[in-house]
Amino acid sequence: MLIAHLSDPHIRLDGQLYQGVVDSNAQFAAAIAHVNRLDPRPDLVLLSGDLVDHGDAEEYAMLLRLLAPLDVPVLAIPGNHDEREAFRQAFCGQPWLPAQGPIDYAVGDRGPVRIVALDVTLPGLHHGAVSEASAARLDQMLAAEPSRPTIVMMHQPPFDTGIPYMDLYSCREGQLLASVVARHPQVERILCGHVHRVMQLRFGGTVLCTAPSTTTAIALRLKPDATPASHIEPPAMLLHHWRPETALVTHFVPIGTFPGPYPFA
Ligand SMILES: [Fe+2]
């Protein structure tokens, strides 16, 4: 099973640049074209939040237009830049979409790997949190299929990254999440967005991995007094490849066309 993981496209109205410098819509269109060119074709595309920049219905309409050429089913969660009800409206009719409340769901009919989505966003706020209720929902969803390899997808990472201006807006109560996940050894990965960078760590007895953005990279500044910044680095995505003999292998994939291929011996 092959799973493409795109994050933080920050779609805007036509002609509006993200942060005044990046055509986030064009970069997302390039990402979708890249997914469609992959051979083998992924079975599933995960979008781990900040699908649009302001949460307006018009931005979601643009998102859907950009997703239309995609030949692969999509599973999405909102991020702090999304607006939960406009998100729900945009994905109305998708079998995975809950009718109300947080966008929590489990999908297991796309291949051997089951996806459990956990909405840790707090409407109107940039940080997220794991409440007792969401921890209980996660526990329930994971307990339903204890022997299926499982990915947990959420937006804000539940750990301190060491980048001070991102850690103000992390997912709080991460230890509660870690204690739930630790009870379910079938969890192969926790996948997050939000930080616009790739990070990996051990968390709750599994591997946690954050995704790059298709739009910008948040600056890697590790000093406690660092000021917020971002860079235009090569846009990228992750490809999670599941095979019984290796379990889940995660690949970092820059988006675009690059010189090569060259033979090597
Ligand atoms: Fe973002």
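This is a predicted model: local features need pLDDT of at least 70, side-chain atom pairs count only at pLDDT 80 or more; totals for chains, interfaces and linings use all residues.
Figure 1. Residues are numbered from 1 along each chain as its sequence is written, and side-chain values use heavy atoms, without hydrogens and water. Strand E5 (residues 114–117) and E7 run parallel and are joined by four bridges; strands (E, at least two residues) and helices (H or I, at least four residues) are DSSP runs numbered from the N terminus, and two strands pair if DSSP finds at least two bridges between them. E7 also pairs with strand E9 (residues 187–192), again in the parallel sense and over four bridges, and in E9 the bridge partner of Ile 151 is Arg 189.

**Figure 2. The side chains of strand E7.** In E7 (residues 150–153), Thr 150 and Val 152 point one way, while Ile 151 and Met 153 point the other way, and all are buried, where buried means under 20% relative accessible area, exposed over 50%, and partly exposed in between (1.4 Å probe, protein chains only). In a regular strand the side chains alternate between the two faces of the sheet.

Figure 3. Strand E14 (residues 236–243) is mostly covered, with six of its eight residues buried. Strand E1 (residues 2–6) runs antiparallel to E14 and is joined to it by four bridges, and Leu 2 has His 241 in E14 as its bridge partner. Strand E15 (residues 247–254) pairs with E14 in the antiparallel sense over eight bridges, Leu 238 stands opposite Phe 252 in E15, and a hairpin of three residues joins E14 to E15.

Figure 4. Ala 4 lies in E1 and is buried, with a relative accessible area of 0%. Not counting residues up to four places away in sequence, Ala 4 touches Val 35, Pro 42, Leu 44, Val 45, Leu 46, Met 237, Leu 238 and Leu 239, contact being taken as heavy atoms within 4.5 Å. Leu 177, by comparison, is 173 residues from Ala 4 in sequence and 24 Å from it in space, C-alpha to C-alpha.

Figure 5. Phe 87 lies in H3 (residues 84–90) and is buried, with a relative accessible area of 0%. Leaving aside neighbours within four places in sequence, the residues in contact with Phe 87 include Leu 51, Tyr 60, Ile 77, Trp 96 and Ile 103. Of these, Leu 51 is 36 residues from Phe 87 in sequence, with the two C-alpha atoms 8.8 Å apart in space.

**Figure 6. The protein chain as a whole, as a setting for the close-up views.** The protein chain has six helices and 15 strands. Its radius of gyration is 17 Å, close to the 18 Å that the globule rule gives for 265 residues, so the chain is as compact as a globular protein of that length; the radius is taken over C-alpha atoms, and the rule is 2.2 Å times the number of residues to the power 0.38. Of the 265 residues, 55% count as buried, and residues 24 or more positions apart account for 68% of the contacts with a separation of 6 or more.
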